[in-house]
Amino acid sequence: MNRWRDLYCGDLRPDDVGRSVAVAGWVGRRRDHGGLIFIDLRDHTGVLQLVVNPERSPEAAAAAHAIRSEFVVRASGEVVARAPDAVNTNIATGGVEVQVDELEVVARSEPLPFQLDDDNVEEPLRLRYRYLDLRRDRMQRNLRLSATVIRAIRDSMEEQGFIDIWTPTMTLGTPEGARDFLVPVRLQPGNFFALAQSPQLFKQTFMIGGLDRYYQIATCWRDEDLRADRQFEFRQLDLELAFPTREDVMDVLERVVVASFEALGRTPPSRPLPRLSYAEAMLRYGSDKPDTRFGLEIQDATDITRDSEFGVFKNAERVRFLVAPAVFSRAELQRLEEFAKEWGAKGLAYIVVEESGEVRSPIAKFLSADELAAFAAAPGSTVLFAADTQPMVERVLGALRSELGQRLGLIDQDRNDLLWVIDFPLFLPDEDTGNWTFVHHPFTSPLDGHEDLIERDPGGALSQHYDLIWNGWELGSGSIRIHRQDVQERVFRAMGMTDEEAQAKFGWFLEALQMGAPPHGGFALGIERFVALFAGEATLREIIAFPKTASGSDPLTGAPAPATQERLSELGIRLQTPPA
Ligand code: ASP
């Protein structure tokens, strides 16, 4: 290839025996065997064994004595077949080795903070020395897998006639339900850009601009608490198309999903993917991103409990239950109750049906024969109830269902369940203010025929919003948008925004909607979540090269960091709390 190497470490095969080659890479292990020195040389393609024989090359042997793990070396020599009992079937190059003539230390390494083959290194240490961590199989595999998926996505989008257009990062706030990161502007002290939470309004503007099919692998910024499936910055396959039906948008995504599975040589899900209404998802799974790989479905009992003798049931807006295929001890039930309380429940009523068929329950004595018949469960199970407002019952039982699915090992890990959740409500009450707020974002169109409900019954209006779910993870969201300025204004008003506020925030866009806005709709698919699911990783940090920790910092660079007084003054910023 060039003066450093002729081929990659992982390339050599028995066919190459007899060749003189130069190879370069990192030293994995070095073993001294009475004169002979064996070196595992590694690059991104694999591992190759070098043999340094002092009789063949005393200089190479001297150099070999001085090398340590993770030194970068270049070696040249002859490819030879290994003796039959020395063949290593664990590596692709295991039939051969290179007898070294020349060994050059290209770069030395300090002693390492952790061994690269140690699987139990703490994450902060891995992130602090990410460049070492990146050399390991796991990160190599995940980042390459990510690149394969992104390429499949791009190919599929181009094939489907979408064009890649860039949109600004620094913009006005776009409401996606998170806080904006603000960027001060030296030329205009006191004014701030927001880092785009998504390219939402720009992509809608592309449709008004006649571009018809737009896509982009867009970076988005959201100032939210970080979790396993959330980072401050992340990428989305962002797309928008003109004159679509909801089915058209979903079909575009399904093609992308199938192409990604195929690019990785995996069996794709069959199209079309199943569709589930929001109402059904909330009823059966207590979640708008249901993991359907296991049953344990929630059932409604409100019709039966309305006349209950048991006050908690009688007075609750909703009573629902699930039947766990397990007998829980009193201590376990207490722990489950604590869990339910963390999610907002006041308590957790239960009926245990022992293997013998005997019933253990503090509430059974208050229940009528009809109720008991409705809750009858097989021996060896436990009925768990939530009685509260509907949102609370959904939340508590949804969380319990996920928890029990995990704890009882009910999830079939070999399954890949992808599905659409559709027919979301247009608005839900804001828990803090009590006002109606958007479920997706305020640009989502009501379902056809539901426009009149915007004022009359905001809570009853359904929207043309759809989410794509994979094994209980929300991969992304999209919607058919409002393309009429009057409808857009009514939605802003229903959310408690005055016309002046709407003008100040979105005036430019309301104006654009008055100049020939075609019907349009789109979607955004979270790339990191998609890749993490393919990689079988539980956190996004495993598939991001340089992620932030839960506290929002980057252990490698030390960001974020204080700014100097000069920089702050230039930007017109005075800190309330001076840096420590
Ligand atoms: N902008 C939305 C989001 O980031 C996606 C969309 O509606 O297309 O979730």
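**A walk through the predicted model**

At a relative accessibility of 10%, Ser445 counts as buried, because the cut-off for that label is under 20%. Leaving aside residues up to four places away in sequence, Ser445 touches Leu426, Ser463, Gln464, Ile480, Arg481 and Ile482.

From here, let us turn to the eight-stranded sheet. It is an open sheet with the order S6-S10-S11-S23-S22-S21-S18-S12, and its pairing is mixed. Strand S6 (163-164) and strand S12 (275-277) are the edge strands, each pairing on one side only. As a reminder, strands of a sheet pair through backbone hydrogen bonds, either parallel or antiparallel.

To trace the sheet on your screen, start with S10 and S11, which pair in the antiparallel sense over nine bridges. Tyr214 has Glu240 in S11 as its bridge partner. Helix H4 packs on this sheet, where it touches S6, S10, S11 and S23, and its direction makes about 150° with that of S10. Another helix, H6 (residues 246-263), lies across S11, S12, strand S18 (418-422), strand S21 (465-470), strand S22 (473-480) and S23, running at about 160° to S18.

Seven of its eight residues are buried, so S22 is largely enclosed by the rest of the structure. On one side, S22 pairs with S21 in the antiparallel sense over six bridges, and Ile469 stands opposite Glu474 in S22. The hairpin of S21 and S22 has two residues between the strands, and there Asn471 takes a positive phi near 45°. S22 is also joined to S23 by five bridges, again running antiparallel; here Gly478 has Phe523 in S23 as its bridge partner.

Next comes helix H5 (residues 200-208). After H5 you will find Gly210, whose phi is positive, near 80°.

There is also an open sheet of three strands, with the order S7-S9-S8 and antiparallel pairing. Its edge strands are strand S7 (170-171) and strand S8 (182-184), each of which pairs on one side only. S8 pairs with strand S9 (residues 192-195) in the antiparallel sense over three bridges, and Leu182 has Ala194 in S9 as its bridge partner.

Our last stop is the second largest pocket, which holds about 1,000 Å³ of space. Its lining counts 33 residues, and the closest to the pocket centre are Arg42, Val47, Leu116, Asp117 and Asp137. Strand S1 (20-33), strand S2 (36-43), strand S3 (46-52) and helix H4 (137-159) are the elements that give two or more residues to this lining. H4 gives the most, with six residues. What kinds of residue make up the lining of the second largest pocket? They divide into 17 charged, nine polar and seven nonpolar residues.

Note on methods: Residues numbered from 1 in each chain as written. Predicted model: local features only at pLDDT ≥ 70, side-chain atom pairs only at ≥ 80, totals over all residues. Heavy atoms only, no water. Buried < 20%, exposed > 50% of the residue type's maximum accessible area, 1.4 Å probe, protein only. Contact = heavy atoms within 4.5 Å. 1 Å grid on protein atoms, 1.4 Å probe; cavity = no way out; pocket = protein on both sides within 12 Å on 5 of 7 lines; lining within 4 Å. Points joined across faces, edges and corners; volume = space filled by probe spheres on them. Helix = DSSP H or I, 4+ residues; strand = E, 2+ residues; numbered from the N terminus. Nonpolar A, V, L, I, M, F, W, Y, C, P; charged D, E, K, R; others polar. Pairing = 2+ DSSP bridges. Axes fitted to C-alpha atoms, helices over the stretch in contact; angles between N-to-C directions.
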